[in-house]
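Me: Could you walk me through this structure, starting with how its parts are named and then going on to the ligand and a few single residues?

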Amino acid sequence: MNNFTFYAPTFFAFGRDAQKQAGALVTRFGGSRVLLHYGGGSVVRSGLLDQVKASLTGAGLSFLELGGVKPNPRSGLVYEGIDLCRREGVDFVLAVGGGSAIDSAKAIAAGTVYEGDFWDYYEGKPVEKALPIGTVLTIAAAGSEGSPDSVITKEDGMIKRGASGEAYRPKFSILNPALTQTLPPYQTACGITDIIAHLYERYLTNTKDVEVTDRLIEALLLAMIHEAPRVMEDPNNYEARANIMWAGMMAHHNSCGVGRSQDWTSHSVEHELSALYDCAHGAGLAVAMPAVFTYTVHHDVMRFAKIATRVWGCQMDFDDPERTAKAGIEALRSFLCSIGMPKNFAELGAKEADIEYLARTCCRGSGKADGKLRGFTTLDQSDVEAIYRLML
Ligand code: NZQ
Ligand code: ZN
């Protein structure tokens, strides 16, 4: 196991009606003037926004609103939010929604207290300072409610990039599984896929002897495989929603990723797809993951065989471990299809003619000065092109 530091001080309020604690929690973490930040209207229609406002008012807090965050959140609204926060003396940013609203809130929180352009953080500068952030989560997916990360798309060129730093860990996150019951099935499935991807990105490691984190990841994957069909069949299954919601947090706040190298190739490959075609992140991952794993399986056949047997119930073929490894990748692919995820470029709305562009931007992003993608394996542009071709 590698040396590591781990500091994840988010306060979680989990369960039915937890959103009623919003006012008390903002007060507890020092806020007095709040920016309420949300998406395209689901929280208005469900009545959640009104409940959160009532809670803030009840706690004697003043607030402003900025809605309209799009999935794959854009830089334009972040600049608007920064101006608003500065003008109005906002001292706390509360996101009500999914990963997109939360990531946009994080960017606003950092940009408000930074003299330069907030995009510097998305070009690789570590985020050291931000206004305090809280979240009321409405979809189990990105894990931004517990992560130190944020992903924003710059409209100029439609470049999608991530930023990271301890200041991006929310002070508190409110997780009420019942709030996810209004999700369309497709979005529920996208969320499940993203959670599974966050687990795979950590499982694919070159670090030896990491049995504790291996086992944590396997347990979370097994729980997802158990709960996903239950929630797809009955969207109002609170218990299934609850397990998926906590798994989403656990998968990405990194307690199961410490002390080991991680991959993140599937995410890099996917981010180019959602940047160019504006598809859902989870849907892009459903197409990207099997292709990335098929391309990289020879790097460590036994690691893929291990997840195949321990998680997907495949029989170990000791004479031909590659067969077992590939059976695990196929099991993942058919599981994702079974919950309604796309399986190829066409179903995603992606185009073969764009492959060269996708691979080039993927390998030339921030922090990749030498044009290589580093994770479980090291890949150059031609490798990434080959991966995109496997998605056709
Ligand atoms: O915008 P509204 O109207 O709220 O609708 C949203 C949106 O259309 C809808 N929705 C959310 N909760 C709902 C609901 N509809 C009905 N009922 C509810 N309870 O679902 C759609 C998707 O929402 P979004 O916030 O975009 O989903 P998600 O949480 O999957 O976030 C995706 C973004 O997170 C980034 C992705 O790249 C993508 O931009 N990621 C962020 C990470 C992080 N910060 O740590 C890590 C991830 O790997 C990921 O890259
Ligand atoms: Zn993700």
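Reply: Helices and strands here are DSSP runs numbered from the N terminus, a helix having at least four residues and a strand at least two. With that numbering, N72 has its place in the loop between strand 3 and helix 4. Please keep in mind that this is a predicted model.

Me: OK, what is the backbone doing at N72, and is N72 buried or exposed?

Reply: N72 takes a positive phi of about 60° although it is not a glycine. Its relative accessibility is 7%, and because the cut-off for buried is under 20%, N72 counts as buried.

Me: Which other non-glycine residue has a positive phi, and where is it?

Reply: W264 is one of them, with a positive phi of about 75° although it is not a glycine, and its place is in the loop between helix 8 and helix 9. W264 counts as partly exposed because its relative accessibility is 22%.

Me: Back to helix 4, then. What span should its 14 residues have?

Reply: Helix 4 covers residues 75–88, and at 1.5 Å a residue it should span 20 Å; the C-alpha atoms at its ends are 20 Å apart in the model, which agrees. Just after helix 4 comes G89, which takes a positive phi of about 65°.

Me: Which residues of helix 4 are buried, and what covers them?

Reply: The buried ones are S75, L77, V78, G81, I82, L84 and C85. Their cover includes strand 2 (33–38), strand 3 (62–66), helix 5 and strand 6.

Me: Switching to the ligand: how many residues surround ligand 1, and which are the closest?

Reply: There are 32 residues around ligand 1, and the closest are G40, S42, G99, S100 and H198. Helix 5 (99–112), strand 6, helix 6 and helix 9 (265–277) each supply at least two residues of that shell.

Me: Which polar side-chain atoms lie by an oxygen or nitrogen atom of ligand 1?

Reply: Among them is one from S100, which lies 2.6 Å from an oxygen atom of ligand 1, and one from K160, which lies 2.8 Å from an oxygen atom of the ligand. A polar side-chain atom of D103 lies 2.7 Å from a nitrogen atom of ligand 1. As for cover, ligand 1 has 960 Å² of accessible area on its own, and the protein covers 88% of that.

Me: You mentioned helix 6 in the shell. What is A197 in contact with?

Reply: A197 is found in helix 6 and, leaving aside its neighbours within four places in sequence, is in contact with H267, L285 and M289. A197 and H267 are 70 residues apart in sequence, while their C-alpha atoms are 8.0 Å apart in space. A197 counts as buried because its relative accessibility is 1%.

Me: And G282, where does it lie and what does it contact?

Reply: G282 lies in helix 10 (residues 281–296), and its contacts, leaving aside neighbours within four places in sequence, are C190, T193, D194 and M341. G282 is buried, with a relative accessible area of 4%.

Me: Last one: is helix 8 mostly covered or mostly open?

Reply: Helix 8 is mostly covered, with eleven of its 15 residues buried; these include Y238, R241, I244, M245 and H252. What covers them includes strand 1 (11–14), strand 5 (133–137), helix 6 (185–203) and helix 7 (211–233).

How values were computed. Residues numbered from 1 in each chain as written. Chains lettered and ligands numbered in written order. Predicted model: local features only at pLDDT ≥ 70, side-chain atom pairs only at ≥ 80, totals over all residues. Heavy atoms only, no water. Buried < 20%, exposed > 50% of the residue type's maximum accessible area, 1.4 Å probe, protein only. Contact = heavy atoms within 4.5 Å. Near = heavy atom within 4 Å. Polar contact = N/O pair within 3.5 Å; in protein donor to acceptor, adjacent residues only side chain to side chain. Areas by Shrake-Rupley, 256 points an atom, 1.4 Å probe, with all protein chains shown as cover. Expected span 1.5 Å × (residues − 1).
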